[in-house]
Amino acid sequence: QVILVESGGGLVQAGDSLRLSCVLAGDPFSWFNMGWFRQAPGKEREFVAIISRNGGRRDHADFVKGRFAISRVDAEKTVYLQMDKLGPEDTAVYYCAAGNVYGTSVADFPYWGQGTQVTVSS
């Protein structure tokens, strides 16, 4: 059993920051690589970031490098996405995901949260 619940989205101005959280309930958190994806209206879901089971490996999409940072706290069974210098192009529903494969494709992740809306105004 794996249940993922995201939170932390909201409406912000360009240049602001948000910190998204995703809590995993059920199976041990340490079993999974954890990822963040986003989907804007009319667009396909795209990879944002991933962190490995032990936190030793992290990868971020080119368009967020230097602005977003993924992290995990195993004691809290939580993965975070710190987002700085947000712009209107970051507006999307953000999803966290869990999987046994370290990859950047939607198909690599069998478990998904419900999503949290991030809206950035100019």
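## The disulfide

The torsion about the S-S bond of Cys 22 and Cys 96 is about 45°, and the disulfide is therefore right-handed. The two cysteines lie in distant parts of the chain, 74 residues apart: Cys 22 belongs to strand β3, and Cys 96 to strand β9 (residues 92-99). Strands, like helices, are DSSP runs numbered from the N terminus; a strand (E) has at least two residues, and a helix (H or I) at least four.

The structure holds one disulfide, a term used here for a pair of cysteine sulfur atoms within 2.5 Å. In general, a disulfide is a covalent bond between the sulfur atoms of two cysteines. Between Cys 22 and Cys 96 the S to S distance is 1.8 Å. Cys 22 is buried, with a relative accessible area of 0%, and Cys 96 also counts as buried at 0% relative accessibility. Buried means under 20% relative accessible area, exposed means over 50%, and partly exposed lies in between (1.4 Å probe, protein chains only).

## Basis of the model

This is a predicted model, in which local features need pLDDT of at least 70 and side-chain atom pairs count only at pLDDT 80 or more, whereas totals for chains, interfaces and linings use all residues. Residues are numbered from 1 along each chain as its sequence is written, and side-chain values use heavy atoms, with hydrogens and water left out.

## The four-stranded sheet

Four strands form an open sheet in the order β1-β3-β8-β7, with antiparallel pairing. Strands β1 and β7 are the edge strands, each of which pairs on one side only. On average, neighbouring strands of this sheet are turned by 15° against each other, direction ignored. Such angles are taken between axes, which are lines fitted to C-alpha atoms (for helices over the stretch in contact), and run from 0 to 180 degrees between N-to-C directions. Two strands pair if DSSP finds at least two bridges between them.

Strand β8 (residues 78-83) is largely enclosed by the rest of the structure, because five of its six residues are buried. Six bridges join β8 to the antiparallel strand β3 (residues 18-26), where Cys 22 stands opposite Val 79 of β8. Strand β7 (residues 68-73) also pairs with β8 over six bridges in the antiparallel sense, and Ile 70 has Leu 81 as its bridge partner in β8. Four residues lie between β7 and β8 in the hairpin that they form, and Lys 77 in the turn has a positive phi of about 50°.

Six bridges pair β1 with β3 in the antiparallel sense. In β3, Gly 26 stands opposite Val 2, and Ala 25 stands opposite Ile 3.

## Leu 18 and its contacts

Leu 18 is placed in strand β3 and counts as buried at 13% relative accessibility. Leaving aside neighbours within four places in sequence, Leu 18 is in contact with several residues, among them Gly 8, Val 12, Leu 81, Met 83 and Val 118. Contact means heavy atoms within 4.5 Å.
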